[in-house]
Amino acid sequence: MNLAIRDTAFTYMMTRDKRYTAQAYKALTGNEVDADKIEYYSLKDRFEGAPRYNDLAFVVDGWHMMILIEHQSTINPNMCFRMLEYFVYLLDQYIRKNKLNKFGVKEMRLPKAEFYIVYNGDEPLKETS
């Protein structure tokens, strides 16, 4: 199967109905969330050069946490750095969307980040410490 198709299918499945995202959230965290309290965030064309997209990012209950889930069909040892980079851009989007003032004297209330990688490639993962 084409690796890009796997990634696209994952993103489509998870974002076409917030109930699926709520189920993924419960599976990952053990906590339930009302699907109406999920707000998606996307990078779209934020990166210079080759376009890059995040697979799934959402905020729970307005601010509680920002979850980033990346689907990988190949092993990528740099995925942690990439997710950190995505988070910075997504957090900037969150700040602008919520009209927060990062230069003001009042502390901003920002979502906590949680990163998850869903791997379904053919190459076995090696255990690392």
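Reader: In which strand is E114 found?

Author: E114 is found in strand β4. Strands are DSSP runs of E with at least two residues, helices are runs of H or I with at least four residues, and both are numbered from the N terminus. This is a predicted model, in which local features need pLDDT of at least 70 and side-chain atom pairs count only at pLDDT 80 or more, while totals for chains, interfaces and linings use all residues. Residues are numbered from 1 along each chain as its sequence is written, and side-chain values use heavy atoms, with hydrogens and water left out.

Reader: What pattern does the chain follow along the sequence?

Author: The pattern is α-α-β-β-β-α-β, with three helices and four strands.

Reader: Why is E114 called buried?

Author: Buried means under 20% relative accessible area, exposed means over 50%, and partly exposed lies in between (1.4 Å probe, protein chains only). E114 has 16% relative accessibility, so E114 counts as buried. Buried residues make up 33% of the 129 residues in the chain.

Reader: What does E114 touch, leaving out residues up to four places away in sequence?

Author: E114 touches T29, M65, M66, I67 and L68. A contact here means heavy atoms within 4.5 Å. For the chain, 56% of the contacts with a separation of 6 or more are between residues 24 or more positions apart.

Reader: What makes the pairing of the side chains of E114 and Y116 a polar contact?

Author: A polar contact is a pair of N or O atoms within 3.5 Å; within protein, one must be able to donate a hydrogen and the other to accept it, and residues adjacent in sequence count only if both atoms are side-chain atoms. The value for E114 and Y116 is 2.5 Å, and the polar contact between the side chains of E114 and K112 is at 3.3 Å.

Reader: Why is the pair E39 and K97 called a salt bridge?

Author: The term requires a side-chain nitrogen of Lys or Arg within 4 Å of a carboxyl oxygen of Asp or Glu. For the side chains of E39 and K97 the N to O value is 2.3 Å, and the pair is a salt bridge. The two residues are 58 residues apart, E39 in strand β1 (residues 38–41) and K97 in helix α3 (residues 79–97). E39 has a relative accessible area of 25% and is therefore partly exposed; K97, at 45%, also counts as partly exposed.

Reader: How many salt bridges does the rule give?

Author: The count comes to seven salt bridges. One of them joins R19 and D17, whose closest N and O atoms are 2.5 Å apart. R19 is at 55% relative accessibility, so R19 counts as exposed.

Reader: Which residues are linked with K102 in a network of salt bridges?

Author: D92 and R96 are linked with K102 in this network. The side chains of K102 and D92 meet at 3.1 Å, N to O. K102 has a relative accessible area of 46% and is therefore partly exposed.

Reader: What makes the nonpolar surface patch, and how is a patch defined?

Author: L84, V88 and F115 make a nonpolar surface patch of about 260 Å². Patches are made of residues with over 30% relative accessible area and no salt bridge; like charges are joined within 9 Å, and nonpolar side chains (Val, Leu, Ile, Met, Phe, Trp, Tyr) within 5 Å. V88 is in helix α3 and has a relative accessible area of 53%, so V88 is exposed.

Technical notes
Areas by Shrake-Rupley, 256 points an atom, 1.4 Å probe, with all protein chains shown as cover.
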